[in-house]
Structures are given as structure tokens and as C-alpha cells.
Amino acid sequence: MRHLTYLGLLAGCLAGTAPLEIWLGTRVYTRTRRWLLAVLPTVVVFAGWDLYAVGRHQWSYRREWLSGVVLPGGLPLEEALFFVVVPTCAILAFEAVRAVRGWPAGDEPDPAPAEPDPGEPGEPDGAR
Amino acid sequence: MSYTVLAVLAVAGAVLVDLAVLRTRLLGRRVYWTAYAIVLFFQLVVNGVLTGLPVVVYDPATILGARVAYAPVEDLLFGFAMVTVTLSTWVWLGRRGVGARSRRHR
């Protein structure tokens, strides 16, 4: 069972954040293309960094806690999954905060091209 | 380059991405910092397990040595960079209308 530890942690992260998608309406998984495209650069950059570090022995993994599936370059499967799971949870948290608080994120549809949004709620064009 | 150096560069890079490259300017928004605070809390918990068991071990020569909840402080920088880049990309995609509608209309 120890060998499922890291996988279990990742599954726990997904299970713990699933209620946000199901009940808070974060619409991250359901906006699939946007979700995958948002995660992609992070996966590439940070998994690349991980491979670099593993190759230079800057850090290493204890096999005791891992499934044993290793990707080319010496990256445990769990690490690759980490770079999908953690960014996904971050997006879910972000959308959850927005759903609960209604604070602007800068991607709200704007009918008129306006000056850069300073981040505070307001009407750039005055009356609405 | 050591983990420390790369982690600092990653933070700088993430800030540049947010402020200059994608111009999402999340670093000035409450929604971002609130979300980041939540993520940071869970990072300390989950990463605490990963570095505390430990699942991952670090070469002492590549880190400063200071730790928070078992994890090297560099992990905080790594996490910040990863989360910021992800969220900036997410918001930028939204601005461009990518995936404007979810698969299931509620």
C-alpha cells in the first residue's frame, strides 16, 4: 500500500476539490479545452525543470512510496501527474473564490475596449 | 544552476509573465491572492507529507537548507511560480474567448 502513497495524495487533491466543480459551478473540467491549454505550459516548463533537477541529482525520489512507473528521463509517473493535478487544483481554487466573492479576474466579457482593468469593481463607462 | 537560483528565476519569470507577457495582472487582484493563500495552505500540507516522509529528498548542496513544514523554502518559490503561471495562462485564455462555453450548459 505504501507504493500508492504519492498517487493517493494526488487522488486526494482531486477528490477534495471535486466538490468545487460539482457544487460551486467552477466549470473548469467542463471548459475542457481552456483547462488543458492552461495546464499545458506549466506541465512543459515545470516537468522540464524536474527532469533537469533529477538528471543533476538535485533531488531524488524514494521508491518506497511510488508505484514504480518511471517515465523517460527518470521522472516518476507521480511527478508528471503532480504537474497536472496541482495546477488544476489552483484553477479550481481560483474559480471557487471568484464564484463565492464575485471579484474580477480580468477575463470578464467587456463590451467596450477600455483601459487596463485596475482590478477594482467599477464601471469604466459610467452609467449602465 | 542550483535549485535556489532556478527557484528565484522562476518567481521572476512568473511575475514577468503575469505583468508583461500575458498582462493578466493577477498580482494586483484580490481573487488571485485569496486563491493563492488557499493553495499555499494545502501546498504546505501536501508537500509537507511529500518532503516529510520523505518521498523526495534533496541534495543539500543545491538548497539553502531552510525549511518550512519539512519542505525546502525553494519549494515555496517553485509553487508560487507554478501557480502564477497557470492562473495567468487560464485568465489569458479566458480573455481570448477560449472555451467560453462549458460542455454542459447549466
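Colleague: In which sense do strand S1 of chain A and S1(B) pair?

Modeller: This is a predicted model, where local features need pLDDT of at least 70, side-chain atom pairs count only at pLDDT 80 or more, and totals for chains, interfaces and linings use all residues. Residues are numbered from 1 along each chain as its sequence is written, chains are lettered from A in the order in which they are written, and side-chain values use heavy atoms, with hydrogens and water left out. Strands are DSSP runs (E, at least two residues) numbered from the N terminus, and two of them pair if DSSP finds at least two bridges between them. Strand S1 of chain A (residues 59-61) and S1(B) have three bridges, and the sense is antiparallel.

Colleague: Which residue of S1(B) is the bridge partner of A:Ser60?

Modeller: S1(B) covers residues 56-58. In that strand, the partner of A:Ser60 is B:Val57.

Colleague: What area is buried between chain B and chain A?

Modeller: Buried area is the accessible area (1.4 Å probe) that two parts lose on being put together, summed over both. Carbon and sulfur atoms give 69% of it here. The total is about 4600 Å².

Colleague: Which element gives the most to the side of chain B that touches chain A?

Modeller: Contact (heavy atoms within 4.5 Å) takes 48 residues from chain B and 53 residues from chain A. On the chain B side, helix H1 (3-21), helix H2 (30-52), strand S1 and helix H3 (73-95) each give two or more residues; helices are DSSP runs of H or I with at least four residues. With 13 residues, the most comes from H3(B).
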